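Subject: Handing over the structure

Hi,

Here is the structure I promised to pass on to you. Have a look at it first, then read my notes below.

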Amino acid sequence: MVLESTGRALLHRLAAEQAECRVPSLVAALVRGGETVWFGARGRVAGAPPTPGTRYRLGSITKSMVAVLVLRLRDEGELDLLDPLDKHVPGTPVGDLTLAQLLSHTGGLTAEPPGEWWERTPGAPAAGLLGDLGPEIARHRPGRRFHYSNVGYGLLGELVARKRGMGWARAVREEILEPLGMGAVTERAEPPHAQGLAVHPWADVLLPEPEHDAGGMAPAGQLWSGAADLARWAAFLAGDGGGVLRASTLAEMREPAAVEDGPSWERGYGLGLQLTRHGGRMLAGHTGSMPGFLATVWSDPADGVGVLFLANTTSGVRGRLVFDLLDILAEHEPPLPAEWEPAAADEDLLALTGPWYWGPTAYALRLLPRRGLSLTPLGAVGRASRFAAQADGSWLGLDGYYAGETLRVERHPGGVHISLNTFIFSREPYDPSAPIPGGVDPEGWR
């Protein structure tokens, strides 16, 4: 738990938001190291302060859970993200869109389904939704731009249902919620829950908002959760996979697939996850809104911190609330760096450490845990990457220019060199004994 002084500063920020924005009830929580370290609440639900178990509608946070199901199917070999939708849900007017485009909102689909305002009216089942879709739902050339689409996630929910042989919500419960200990998340409002409300813009009066089963559009925003369960989701997004998803797959979901707000981007989208930059952090999570409700959850895998809020108001909570809560925690209780400890190193790898040269450019090769390698330029110019050891004795690039490329240590009569996707790194600048393509001038340096 946080220190008393930290908790007081956090509660003051939450109280100011609830009062200044006139929010009927507002809860927030912070997660660190997989545990909830602070919970705060202001306002009333049914005449009493909301608790960590009081349910609010999550809105589009639901999409991230549907996306996890799609990625689980991919990891099981049931589909490929480059598959066209038509391969798994045939007969739609946009069957040529790839699953990756639907996950990242880059398929060019319209934001909302045809018909009445879907968030405020009962929805047709998936079959009815699919029957209502026509060519007009394609608004942009696929892959051209980011365009948020609730319709796309209705289609992904149907994909999950067909591949799993059960409704998308049941699949979410069995494959995600129960394994993560989020059993109190529900598909519809169940006690204890907050009533969705709108606050009059010019008076301190309230209007109850409707809540319906969205049918085929439910995968875009139907689920309800309390802060306690959403905090577990924040821990999951920060890297505590709980066996639900591979760490590498979760990292893939957090990779930017689209930029939402321009060339010097602050907001983007991965595979089912919104991304945002704040104070040197790269946060992954999702916002959510439905009539009467607002919600947000962000996590930073770099230090295992997560933040969330839930509110029963149609509008009003400022997005900077969660960033301010993160900043207060960092200012009052900055995380301690992990203690350095010596680690064993295989002699064959230890002999490879130190300077290497790509032509005349100096690099340093360092050992990482589990026989990993780090290759970084010693000057201001060059390409840095980390590499993971492979079973065949090679190393696979994890990031930077060499992500996905293969590094091999090659022995030759004159010594040793590194081969990295055709580039040759040698122990001396342009070592004449290394097989450098094009050769080395026989007269040497002069």
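Among contacts in the protein chain between residues at least 6 apart in sequence, what percentage join residues at least 24 apart? It comes to 57%, where contact means heavy atoms within 4.5 Å.

Before you go further, a word on the numbers. This is a predicted model, with local features needing pLDDT of at least 70 and side-chain atom pairs counting only at pLDDT 80 or more, while totals for chains, interfaces and linings use all residues. Residues are numbered from 1 along each chain as its sequence is written, and side-chain values use heavy atoms, with hydrogens and water left out.

**The chain as a whole**

You'll find 10 helices and 20 strands in the protein chain. These are DSSP runs, numbered from the N terminus (helices are H or I with at least four residues, strands are E with at least two). The C-alpha trace spans about 85 × 60 × 35 Å along its principal axes. Of the 446 residues, 50% are buried. Here buried means under 20% relative accessible area, exposed means over 50%, and partly exposed is in between, with a 1.4 Å probe and protein chains only.

The accessible surface is about 20700 Å², and carbon and sulfur atoms account for 53% of that. Areas come from the Shrake-Rupley method with a 1.4 Å probe, and for residues only the protein chains shown count as cover. As for charge, there are 40 positive and 52 negative side chains, and the centres of the two sets lie 3 Å apart. Lys and Arg count as positive, Asp and Glu as negative, and His and the chain ends are not counted; each charge is placed at NZ of Lys, CZ of Arg, CG of Asp or CD of Glu.

**Two annotated stretches**

UniProt, in an unreviewed entry, puts "domain: Beta-lactamase-related" at residues 16-316. That stretch is 26% helix and 21% strand, with its end C-alpha atoms 13 Å apart. The UniProt record also has "domain: DUF7586" (unreviewed entry) at residues 346-427. Over residues 346-427 the chain is 5% helix and 54% strand, and the end C-alpha atoms are 20 Å apart. Positions from UniProt are in the numbering used here, feature names are shortened, and annotations may be inferred rather than shown by experiment.

**Residues to click on**

Start with glutamate 175, in helix H6. Is it buried or exposed? Glutamate 175 counts as buried because its relative accessible area is 12%. Its side chain makes polar contacts with the side chains of arginine 72 at 2.8 Å and arginine 164 at 2.6 Å. (A polar contact is a pair of N or O atoms within 3.5 Å; within protein, one must be able to donate a hydrogen and the other to accept it, and residues adjacent in sequence count only if both atoms are side-chain atoms.) Leaving out residues up to four places away in sequence, glutamate 175 touches Leu69, Arg72, Arg164 and Val244.

Serine 394 sits in the loop between strands E16 (385-389) and E17 (395-397). With a relative accessibility of 4%, serine 394 is buried too. Its side chain joins that of aspartate 392 in a polar contact of 2.6 Å. Beyond neighbours within four places in sequence, serine 394 is in contact with Ala388, Ala389, Thr406, Leu407 and Arg408.

Now for proline 263, in the loop between strands E7 (258-259) and E8 (267-269). Proline 263 is exposed, at 85% relative accessible area. Along the sequence, proline 263 and phenylalanine 236 are 27 residues apart, and their C-alpha atoms are 30 Å apart in space.

Most residues other than glycine have a negative phi, and most peptide bonds are trans. Arginine 22, though not a glycine, has a positive phi of about 55°. You'll see arginine 22 in the loop between helix H1 (4-20) and strand E1 (25-32), partly exposed at 29% relative accessible area. Threonine 422 also has a positive phi, about 80°, and is found in the loop between strands E19 (415-420) and E20 (423-426). At 60% relative accessibility, threonine 422 is exposed.

Finally, the peptide bond from proline 191 to proline 192 is cis, with omega near -5°. Look for proline 192 in the loop between helix H6 (168-180) and strand E4 (197-199).

Cheers
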